[in-house]
Amino acid sequence: MSEETITAAAPEVLQDRLPSEPEVRDVLKTVYDPELGISIEDLGLVYGVQVDDDTERILLDMTLTTPACPLGPIIKTQAHSALTRTFPKVKDVEVNLVWTPRWDPRTMASEEAKAELGIW
């Protein structure tokens, strides 16, 4: 993932404030599942985003395509890195892996991701 890709996803005005949930989700579109080549946001792996103003942290609830996914630590690290580099005011990103509800691309993925996965 290039620095240029991440920077392009976030407006410059965020240098002095915390991001909104939609802004966080926009940046997460730059984080790709390494096996599928589709963003974690478009796959529907991001279940929840909370921006905590008091602690200047972002709390993410997300899942993986399978609980046994060996690339989970890489995806978590990429999400953390993309958000902290894009939003300098954010002091930390806590990625909480959850398994309920179970990920189902037929109902959770974007239309574009479904098309790439061959789900009609």
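User: What span should the 15 residues of helix 4 have, and how far apart are its end C-alpha atoms?
Analyst: This is a predicted model, where local features need pLDDT of at least 70, side-chain atom pairs count only at pLDDT 80 or more, and totals for chains, interfaces and linings use all residues. Residues are numbered from 1 along each chain as its sequence is written, and side-chain values use heavy atoms, with hydrogens and water left out. The expected span is 1.5 Å times one less than the number of residues. For helix 4 that should be 21 Å, which agrees with the distance between its end C-alpha atoms, 21 Å.

User: Which residues of helix 4 are buried?
Analyst: Buried means under 20% relative accessible area, exposed over 50%, partly exposed in between (1.4 Å probe, protein chains only). Helices (H or I, at least four residues) and strands (E, at least two) are DSSP runs, numbered from the N terminus. The buried residues of helix 4 are Gly72, Ile75, Ala79, Ala82, Leu83 and Thr86.

User: Why do the buried residues of helix 4 line one face?
Analyst: The arc is taken from the directions from the helix axis to the C-beta atoms. Seen down the axis of helix 4, the buried residues line one face because they fall within an arc of 100°.

User: Which exposed residues does the face of helix 4 turned away from its buried side carry?
Analyst: The buried side includes Ala79 and Leu83. Turned away from that side, the face carries Pro73 and Thr77.

User: What pattern does the chain follow along the sequence?
Analyst: The chain has six helices and three strands. Read along the sequence, the pattern is α-α-α-β-β-α-β-α-α.
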